[in-house]
Amino acid sequence: MSFRFKRLSAKLFSYFVQGLLLLAPVYITGYIIFNLLSSLDEHFYFHFRGTGLVVLLAIILVVGFLGSSFLAVPVLKIFEEGLSRLPLVGLIRSEEHTSE
């Protein structure tokens with residue numbers, strides 16, 4: 001095997017792994033949503049196609065609202081406290097606040 005072939009095969013393998021890492025979350029998300037929609041459509045007594053989609057969108061909106069109002073504030077506060085403890089980041093952040 002020549003050096004050129006090894007380099008090309010390593011580059012192709014790298015592209016394959018990157019493509020796999022980019023597409024896997026999309027596929028898994030689609031698979032989960034499809035299965036959720038199918039199970040929601042089966043469990044509701046309304047036999048209209050798309051009822052599961054409406055219910056799933058409502059659930060996602062409620063979770064998003066709860067996450068942004070009740071969970072995001074404490075998580076961001078913990079994250080900022082952790083950042084302020086880092087030596088250089090704390091120094092930079094204190095300089096930014098004094099220049100404003």
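Modeller: Helices (H or I, at least four residues) and strands (E, at least two) are DSSP runs, numbered from the N terminus. This is a predicted model, in which local features need pLDDT of at least 70, side-chain atom pairs count only at pLDDT 80 or more, and totals for chains, interfaces and linings use all residues. Residues are numbered from 1 along each chain as its sequence is written, and side-chain values use heavy atoms, without hydrogens and water.

Colleague: Where in α2 does a kink lie?

Modeller: The bend at a residue is the angle between axes fitted to the seven residues ending there and the seven starting there. In α2 a kink of about 45° lies shortly before the proline Pro74, at Leu71.

Colleague: Against which element do the buried residues of α2 pack?

Modeller: Buried means under 20% relative accessible area, exposed over 50%, and partly exposed in between (1.4 Å probe, protein chains only). In α2 the buried residues are Thr51, Gly52 and Leu56. With contact taken as heavy atoms within 4.5 Å, they pack against α1 (3-43).

Colleague: Is Ile32 buried or partly exposed?

Modeller: Ile32 is placed in helix α1. Its relative accessible area is 44%, so Ile32 is partly exposed.
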